[in-house]
Amino acid sequence: MECKVREEVKKLEKYVAGKPIDEVKREFGIDEVVKLASNENPLGTSNKVKKLMLELVNEMNMYPDSASYDFKKALSDKLKINRDMIFCGAGSDSLINVICEVFLDKDDESIMPEITFPRYDSNTVLMGAKPVKISLKNNRLDLEMMINAITDKTKIIWFCNPNNPTGDIFTADELNKVLCKIPKNIVIVMDEAYYEYVTSEDYPNSLELLKSYPNMIILRTFSKAYGLAALRFGYGIASEEIVDYMNRVINAFDVNLFAQKAAVAALEDEDFINKVKLFNKKQREYLEKQFSEMELNYIKSQANFIMVNVKGDDKPIHEYLLRHGYIIRPGYLLGMPSWIRVTIGTQEQNIEFCKLLNNAIEERDKK
Ligand SMILES: Cc1ncc(COP(=O)(O)O)c(C=O)c1O
């Protein structure tokens, strides 16, 4: 090709998403496939949201509200924050990209854990900046080492809490010890995509921290606990000044009509979200108990997925599970060979998954 592609784009690796259900059906010639690979909500979506979506089909010819007014009003009332502290985008994925566009110049640095959500890395590279990756310590974020890596070139520091793919959190105490050491000209991103699932009382209250750290950005999403992954709606909370810059870059109509209306209704349906939280907690405990009984190490999770050690090569385990209609994330794709990440499914799916995992390990170890 004679057209010139930017060097930064050439450096990018293609994002490997969880395998889609239809692809596995085609590849393995099976009819029933369960996807426990992308941390989606096995309970689906609030019925109130579903009903509302059907009522909107006659409004598709109109552009959505580029300011997402109704959503910002609903969220600001709920969280008791100023409406101008909220920005919205087509998934928090797209907002990670915008944060990099707003703050990263060529040769800047952004600090992230070595094993975390891969979009901090790819969007940093896209801007011509350098990802500085800090190893985990005992499978946990090493906050001290992340802070020690700060240089004059550092512009962003990414904290994923709970961290994907490990599912673990860092506590308010752990965070407080390092926050005060971060210079005020560095953006602190708190990616809280899974915060609704957290049950630990030691989880940091980032909204409260925002009052002392105007250089902080909180990211959340409707893709996980609210069960709206297909609609693409993520949002951020930050100082009015940061939000103003973010809004100059975010595409005007990034958040579609369905997503905006769904998000408002989802926020209102407290019964649904409470059911999701309780269900996830119970099933997380169930899976952890099963893993203990199978004598498999796992990382204690505060999210809707668990990282479990399969005591050897994870590739044959992944393949066995695929052949039997279960899609999970193999650790070799996540920088953690011999582990797999499984999304917490329905009770029946979790029972079946444990049976298959047992069989998969047995089959691998026979060879
Ligand atoms: C930690 C984390 N942040 C952000 C995202 C992006 O979510 P979405 O773009 O669906 O809001 C994900 C998705 O898996 C994630 O795990």
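A search of this whole structure, a predicted model, finds 0 disulfides.

**Stop 1**

Select Cys3. With a relative accessibility of 56%, Cys3 counts as exposed, because the cut-off for that class is over 50%. Then select Cys354, whose relative accessibility of 4% places it among the buried residues, since buried means under 20%.

**Stop 2: the largest pocket**

Next, display the residues nearest the centre of the largest pocket: Tyr15, Phe117, Pro118, Arg119 and Arg329. They belong to a lining of 44 residues, and the pocket holds about 1200 Å³ of space.

Helix H5 (91–103), strand E3 (109–113) and helix H6 (119–126) each supply at least two lining residues. The greatest contribution is that of H6, with 4 residues. Colouring the lining by class gives 19 nonpolar, 10 polar and 15 charged residues.

**Stop 3: the second largest pocket**

Move to the second largest pocket, which contains about 210 Å³ of space. To show its lining, select Lys137, Asn138, Arg140, Leu141, Asp142, Leu143, Glu144, Phe170, Glu174, Lys177 and Val178.

Which helices each supply at least two residues of this lining? They are helix H7 (143–148) and helix H8 (172–179). H8 gives the most, with 3 residues. By class, the lining of the second largest pocket comprises 4 nonpolar, 1 polar and 6 charged residues.

**Stop 4: helix H13 and its cover**

Finally, select helix H13, residues 315–323. Within H13, the residues Ile317, His318, Tyr320, Leu321 and Leu322 are buried. An α-helix has 3.6 residues a turn, so residues three or four places apart point the same way.

What covers the buried residues of H13? The cover includes helix H2 (21–28) and helix H14 (347–366), together with strand E10 (326–327), strand E11 (329–330) and strand E12 (339–343).

End the tour at Gly325, which follows H13. The phi angle of Gly325 is positive, near 85°.

Notes:
Residues numbered from 1 in each chain as written. Predicted model: local features only at pLDDT ≥ 70, side-chain atom pairs only at ≥ 80, totals over all residues. Heavy atoms only, no water. 1 Å grid on protein atoms, 1.4 Å probe; cavity = no way out; pocket = protein on both sides within 12 Å on 5 of 7 lines; lining within 4 Å. Points joined across faces, edges and corners; volume = space filled by probe spheres on them. Nonpolar A, V, L, I, M, F, W, Y, C, P; charged D, E, K, R; others polar. Disulfide = S-S within 2.5 Å. Buried < 20%, exposed > 50% of the residue type's maximum accessible area, 1.4 Å probe, protein only. Contact = heavy atoms within 4.5 Å.
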